[in-house]
Amino acid sequence: MCLAIPMQIEAIDGEMGTVEATGIKREVSLSFIDDPSVGDYVLIHAGFAIQKIDEHQANETIELLNQMAQRAREMKS
Amino acid sequence: MEDSIIQLAHGGGGTRMNELIREIFANRFSNEHIDGMSDAANIDLTSSRIAFTTDGFVVKPHFFPGGDIGKLSICGTVNDLASAASRPLYISASFILEEGFAITDLERIATSMAETAKTAGVKIVAGDTKVVERGSCDGIFISTSGIGIRLTKEIMAPTRIRPGDAILVNGAVGDHGMAIMATREGLSLESTIKSDCAPLGGLMEAILTAAPDVRFMRDATRGGLATVLCESCDGMEFGIECEEATIPLNSSTTAACELLGLDPLYSANEGKIVAVVPADEAEAALVAMRGHELGRDAAIIGHATGGRAGHVSLITTLGSRRMLVRKSGEQMPRIC
Amino acid sequence: MKHLSEYRNSDHARTLSIEIARVRIDRPIQIMEVCGTHTMSIARFGLKQLLPKNIRLISGPGCPVCVTPNNFLDRAIAISKIADTTICTFGDMMRVPGSSSSLEVEHARGSDIRVVYSTLDALMIARAHPDRNVVFLGVGFETTAPTIASSIEIAHSEGLKNYSVLCAHKVVPPAIEALLSGEVKIDGFLLPGHVSSIIGAKSYRGIAERHAIACSIAGFEPSDILGALLEITTQISNSKPAIHTAYARAVTEIGNSKALAVLDRVFESCDANWRGIGNIPGSGLAIRDKFSQHDAAKRFPVSIDESVDNPACRCGDILTGKISPDECPLFRNGCTPDHPIGACMVSNEGSCAAHFNYGATNI
């Protein structure tokens, strides 16, 4: 019930925005987002942005995954 | 022609119909067969190994990124013949036109058919036109039939496939289906996706030259790559295993599929051929495909297996296995 | 795709899989996922194959299409037969069987039924055709319900009288409570990431207090799901159940206040009937009186025959994790994606469809 994908805000017009992801664009409602800015990544579900992606948290998660994988490689060798 | 829209008289068999045929079709498709405007094209074929196919075209919208219903009507039939390892030669085209259809659109479609036929090396040698009342068809329906001469001694069939044979495709899959999907009302999607609609006769001949022992070929149309793979091994004594990482995909098609919850492996194609060749001919086939403008992104995507007969497995990028089965109907956009 | 592809990394998946196998749990455990999109992702990426044998993933009632009772479809079909009516629906609902028909079949019979991606598209249709009544089929959980709520507010403020919603929205936390009080042994929950984006991690705190159960809120990519499963198994192993967020880039403690506010303005809580489970108090959303003119159930009070469920259909037991799809006598035996008998088979993310389409890994 939760098919939503991250897309980047390209333009904002009032409560609506244009979001983009590798060659596709759509007009979506940004009415659920606090202070949306061009360049933000938002999760798009059924034509609405339902949440802003927290880039800081995203980077931390990837960093953690990379570290885990690195440790696993070191343990193996 | 002074008319701007198709009227019932244009299908009436009289002078108005003749004018339509001459000015829109005959002068664009011009060749020794159609110029005579006779009832049937008389053809001498140099071989008795004849391939014959037919196809109907009802696509909406009539004009889409990368093509139109006219181009499609030629490519669809040409590609069926090419998949049968046959050189496409002659096409017939039958038109059902809705009263009120714009003549300028018909002219564009006819021009597109003529250009595509020229690229494909085929001649449109026979045709028919009917006009139906407003509401009885959606603008224009086209039906084409085609004749080709088989270039191989044996007929292409999945029964020729053996475990270990390599499976190749000539490029990114799913583009046509998503290009059409993106135009649908109710989706409001702007995309750069273009239909891959293209005639594959030349590419097929390049494959045959490099891999003369090719086992089987099929063009992947509705139902996508996955459906062709499923159909190829259904009821057979071999299975198919593909590597997800090797299947060529365009990023915009992937993005549209992720957004709408669709699987690009089941999305339609109109310019993709799947070829199954013996393992020792795979490299040569790949080089030949990549050397052709319609095969620059060709890839070996998997092989036939002895185990899991009749089934298609996909090894995901994570190394797990998932089965590909035939879907019951067209994919629908979903939110779940 | 940014913020998506990075979570499909095979090195990360392999590492997480190894870590999960290293967690000391000496008994078989069952972890339930309550989001149909998780069912799909797990099937699509073959994630069950990356888990140790003692961990069993079971699907819960998280497919909103699957838990929508027959009478909703029957009502929608009856409304579609009213003159000058256009039904707009998410694609998920088109093939779901009602008591005797489906929206797809009714479309073939001549009803104006259109698949849309968003309520915004349905509003556009309503504006373009003031002479037609546009009825949107409101199905989905807290991820989707705010978008329908927003469409009702927009229609109301524009005076778009011809737009209404047939509402069958449900909410997740009461269903989780009901499951925990039920018969199935559940050792942990994979909580729905996008529902949680809206309702916030706080919404599960009450559940954690009442039932000490290992939980992790998970996103939908392989690393998200495997990471959450690692957290859940670790909680179980250490006997330290908690509500953990493994989807921090999209889920906060408080959720999305704007979305929650529009939900509150447009909907009120009500009891709801979950197919296969029965009535769960306070688990549904109803359109508030203020917006009655956009409530299709009130605007088009159709009479429908009593809904009929196939007595052999075991969707209810599958939705509550009591049995797996292949334990249903109808699975592949009369009930297939071509000819679905129950909603679990027709919905793409229903357990049965996922199992049919992706499974069969024992071949």
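Visitor: Which residues does Q30(C) touch, if one is not counting residues up to four places away in sequence?

Guide: Leaving out those sequence neighbours, Q30(C) touches R56(C), I58(C), V184(C), K185(C), I186(C), D187(C) and G188(C). Please keep in mind throughout that this is a predicted model.

Visitor: Why is strand 2 of chain C said to be largely enclosed by the rest of the structure?

Guide: Strand 2 of chain C spans residues 55-59, and four of its five residues are buried, so the rest of the structure largely encloses it.

Visitor: How do strand 10 and strand 11 of chain C run, and how many bridges join them?

Guide: Strand 10 (residues 267-274) and strand 11 (residues 278-287) of chain C run antiparallel, joined by seven bridges. A272(C) stands opposite I280(C), a residue of strand 11. These two strands form a hairpin with three residues between them, where G276(C) takes a positive phi near 85°.

Visitor: Turning to the contacts between chains, how many residues of chain C are in contact with chain B?

Guide: On the side of chain C there are 44 residues in contact, and they meet 28 residues of chain B. The size of an interface is often given as the accessible area lost when the parts come together. For chain C and chain B the buried area is about 3,100 Å², with 56% of it given by carbon and sulfur atoms.

Visitor: How many salt bridges does the rule find across the interface of chain C and chain B?

Guide: The rule finds two, and one of the pairs in a salt bridge is E258(B) with R8(C), whose closest N and O atoms are 3.0 Å apart. Nine residue pairs are also counted in polar contact between these chains. Among the elements that give two or more residues to the side of chain C are helix 1 (10-22), strand 4 (112-115) and helix 5 (119-128), while the largest share, four residues, comes from helix 2 of chain C. By residue type, this side of chain C divides into 23 nonpolar, 12 polar and nine charged.

Visitor: What are the counts between chain A and chain C?

Guide: Here the contact takes 39 residues from chain A and 49 residues from chain C, and the buried area is about 3,500 Å², of which carbon and sulfur atoms give 66%. Four salt bridges are counted, including one between the side chains of R73(A) and D11(C), at 3.5 Å from N to O. There are 17 residue pairs in polar contact between chain A and chain C.

Visitor: Which element gives the most to the side of chain A that touches chain C?

Guide: Helix 1 of chain A gives the most, with 12 residues. The residues on this side of chain A divide into 24 nonpolar, nine polar and six charged.

Methods. Residues are numbered from 1 along each chain as its sequence is written. Chains are lettered from A and ligands numbered from 1 in the order in which they are written. This is a predicted model: local features need pLDDT of at least 70, side-chain atom pairs count only at pLDDT 80 or more; totals for chains, interfaces and linings use all residues. Side-chain values use heavy atoms; hydrogens and water are left out. Contact means heavy atoms within 4.5 Å. Buried area is the accessible area (1.4 Å probe) that two parts lose on being put together, summed over both. A polar contact is a pair of N or O atoms within 3.5 Å; within protein, one must be able to donate a hydrogen and the other to accept it, and residues adjacent in sequence count only if both atoms are side-chain atoms. Ala, Val, Leu, Ile, Met, Phe, Trp, Tyr, Cys and Pro count as nonpolar, Asp, Glu, Lys and Arg as charged, and the others, Gly among them, as polar. Buried means under 20% relative accessible area, exposed over 50%, partly exposed in between (1.4 Å probe, protein chains only). Two strands pair if DSSP finds at least two bridges between them.
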